[in-house]
Amino acid sequence: MERRDKEILVIGGGVTGAAIAYDLALRGFKVQVVERGSLGAGTSGRTHGLLHSGCRYIADVEVARECYEENVILRRIAPFLFEKNGGLFIAITEDDLKYKDFFLKQCERARIPVREVSREEALRLEPNLNPELKAAVEVPDGTFDPLKVILSFAASAKKYGAEFRPYNEVVGFRVSDGRIVGVRVLDKVRVREYELTPDFIINATGAWADKVARLAGVRVPVKPSPGVMVALDGRIGYMVFNRLNKPGDGDIIVHHRGTSVVGTTSWVVEDPDIVRAPQDHVELMIKRGSELAPIVSKLRVKAVYVSSRPLIGAGAATTGREVSRSFAILDHSRDGIENFASIIGGKFTTARLMAEKMGDFVAERLGVSVRSKTSELPMSPYWLYFE
Amino acid sequence: MGLRDAFTSWFRIKGRSLEHVSFAIRRLTGIIMAFYLLGHLVDITTLLAGPEAYSQLLNLFAGPMGVVIDSFLWAVLVIHGTLGIYSAIVEMGFLLEHRRKLLVIAWICALLFILLGVEVIINVLR
Amino acid sequence: MRYKVVIRRYKDGRISFDTFEVEANPSESVLDVVERISIEKDKTLVFEHACHHGVCGACGMVINGVERLACITRIGDVARNGVVVLEPLRGFKVISDLAVDKSRMFGRYRHVAPSTLEKLELRLNNAVSIPREKLYDCLECGICYSACPIANTFPEYLGPSLLALISRSGNERVPRVVDSRRGVWGCHAAFECSVRCPVNFKPGESILKLRRNIISGRVRVEG
């Protein structure tokens with residue numbers, strides 16, 4: 001069962017990178033993860049903190065189902081990480097109400113257990129909801145602290161021998177005869193450059209995937225798509241508040257620990273490093289958030305933050321190997337580098353599945369047949385990462 | 001633990017709360033009293049060298065300098081005592097919600113006792 | 001506004017203070033400014049961050065002499081004459097620059113395995129109540145360890161937030177280590193933890209309540 005002779009380098013210490021490290025380490029590979037900042041310093045750390053029930057993507061039954069299945073798996077393998085209070089989709093306008101039948105039908109098709117609740121019950125469950133609400137549907141959403149989930153994946157990976165190197169940034173690749181033969185890394189702690197010589201390299205840098213891939217002379221069709229989130233100074237509920245309609249701006253409020261977060265907007269940028277929250281987006285969040293829960297406009301804003309989603313751009317369908325409707329693994333052997341692959345798209349909730357598919361891909365590529373076990377074993381708690 | 005750690009954490013005053021400053025003063029007065037005890041042992045030990053040596057040493061403290069030193073020692077004792085009572089109460093888990101008030105009362109008591117003591121030292125004992 | 005951000009650097013055993021001049025809006029968080037410095041001015045600047053909204057506890061640091069979460073601290077609120085001095089948390093081993101090794105805190109968890117979720121009940125009416133769960137307000141940021149004079153000088157001390165989590169979990173039994181000098185008896189009521197806590201978790205009060213509960217026998221010690 002030992003496959004320690006095969007060294008795999010994962011670039012990116014977000015939730016995807018940490019989950020991939022766990023999946024591969026569990027399969028017996030020797031895994032190293034390099035991350036330019038601290039773990040979770042990119043997009044995944046800055047997520048909303050929503051454990052998706054899938055209902056937000058219900059228009060695409062397949063994607064919704066995938067989310068729900070991952071939601072169930074994560075609750076099982078790491079119950080200590082999630083506030084499992086469910087969520088409510090509420091209709092406020094006539095337009096919202098028209099969406100309800102479609103929503104319920106799609107949930108049924110996706111086999112996501114939902115329940116319509118009366119207006120009175122919804123307001124008893126969550127007194128801060130807009131009293132004008134016309135309909136409400138309960139869904140199996142959850143919430144989490146993003147960093148602790150990432151650290152738990154990392155702790156689980158470490159348990160099986162994976163090594164994490166935060167503050168280590170990839171600054172170049174040495175490519176020779178259609179292979180990456182060396183990866184140049186800048187160690188920011190010791191301020192020196194060194195070279196790693198892994199057998200296979202995985203680019204799990206999400207919104208930064210193209211920036212990293214270009215160092216090796218290949219391109220990744222990722223569209224960094226930032227969204228603004230507004231954290232309130234106070235917690236206004238337990239169940240996630242969603243607008244019962246097509247996903248749009250400011251249509252969700254997620255609660256975790258002592259705060260509630262209103263999200264989100266969406267636009268596209270060239271460079272995920274240069275993003276600032278536009279003031280009008282913040283105002284829009286407060287306005288739209290108050291439609292869900294009027295108390296939003298009365299609370300102080302504790303923080304405004306922006307996170308760049310790694311959306312799959314045009315061209316991925318033709319150059320990539322589509323393993324799912326929501327994420328893509330790009331095999332760079334098609335671009336002339338045989339030991340290099342990138343993964344883009346996906347959601348925080350589906351990180352384990354992304355890692356499983358990436359693990360399958362790598363195992364097949366390296367001629368090893370061993371399946372993923374991440375969905376069966378309980379995860380290690382985050383504090384073990386520090387031992 | 002190094003002495004440097006103790007100084008930079010126990011006796012950090014900048015940006016610290018009344019509770020922490022009081023903690024620091026409690027520790028400091030405790031240390032001063034420990035040194036005083038040592039000094040006191042030395043001063044009693046001079047008796048072995050004969051009553052004259054002892055009186056000579058005591059005369060050192062009879063003048064106005066003595067008032068200052070006695071007042072200082074009294075203040076140290078009182079502060080350590082009142083802050084000690086405050087800390088004993090909260091450390092047993094009582095009045096935790098009112099600790100600020102309790103602490104202010106402790107400081108006011110300390111000041112009153114110090115003034116009273118200094119009055120006695122100056123007017124009664126001399 | 002123009003700000004002077006002075007950062008304590010620590011690289012390979014050497015300490016220095018670097019000054020960066022930055023243009024920033026006073027309502028911007030200190031963390032956003034630090035991140036911008038790391039992208040635009042010095043990519044070797046090492047600091048820890050993740051959620052940027054006061055939930056994950058990664059970005060605790062000493063800002064102008066006081067422990068704060070950089071993500072929920074507006075630069076305009078803390079700058080003095082346009083100067084902001086950033087140092088790593090105290091009481092931890094510094095990895096580099098502003099990043100510290102939090103194993104001094106998380107490494108103690110295995111002795112007590114605290115619960116992460118607070119169990120609550122939402123009463124709908126007299127007959128019906130619904131279970132609710134909530135991640136503790138405590139972010140595990142390490143600010144209380146940095147503020148605590150005991151944690152700074154007694155490395156074996158379990159520490160304020162961990163003891164507070166045990167106290168808040170309401171368990172009727174606690175492991176032996178909690179009832180020792182490493183546990184509740186290590187606290188000497190300096191309360192700086194409670195004053196500095198960015199989420200008002202009150203570690204100091206929680207520790208002393210637990211101590212009282214252990215003395216009175218309401219909480220039993222085992223092992």
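Two strands count as paired if DSSP finds at least two bridges between them. In this predicted model, 5 strands of chain C form an open sheet of mixed pairing, in the order E2-E1-E5-E3-E4. Strand E2 (14-23) and strand E4 (66-69) of chain C each have a single partner strand and stand at the edges, so one side of each is left without a neighbour in the sheet. From one strand to the next, the twist averages 35°.

Strand E1 (residues 2-11) of chain C runs antiparallel to E2(C), and 10 bridges join the two. Within this pairing, C:Arg9 stands opposite C:Ser16 in E2(C). Helix H1 (residues 30-40) of chain C lies across E1, E2, strand E3 (60-63) and strand E5 (83-87) of chain C, and runs at about 100° to E2(C).

Chain A has 9 helices and 20 strands. Its radius of gyration of 21 Å agrees with the value near 21 Å that a compact globule of 387 residues would have. Of the contacts in chain A between residues at least 6 apart in sequence, 73% join residues at least 24 apart. Further values for chain A are tabulated.

| Property of chain A | Value |
|---|---|
| C-alpha trace, span along principal axes | about 65 × 45 × 40 Å |
| Buried residues | 57% of the 387 residues |

Chain A also touches chain C, with 34 residues from chain A and 36 residues from chain C in the contact. On the side of chain A, helix H5 (146-159), strand E17 (259-263) and strand E18 (301-312) are the elements that give two or more residues. The residues on this side of chain A divide into 14 nonpolar, 8 polar and 12 charged.

Methods:
Residues numbered from 1 in each chain as written. Chains lettered and ligands numbered in written order. Predicted model: local features only at pLDDT ≥ 70, side-chain atom pairs only at ≥ 80, totals over all residues. Contact = placed C-beta atoms within 7 Å. Helix = DSSP H or I, 4+ residues; strand = E, 2+ residues; numbered from the N terminus. Nonpolar A, V, L, I, M, F, W, Y, C, P; charged D, E, K, R; others polar. Rg over C-alpha atoms; globule rule 2.2 N^0.38 Å. Buried ≥ 20, exposed ≤ 12 C-beta atoms within 10 Å, placed from the backbone. Axes fitted to C-alpha atoms, helices over the stretch in contact; angles between N-to-C directions.
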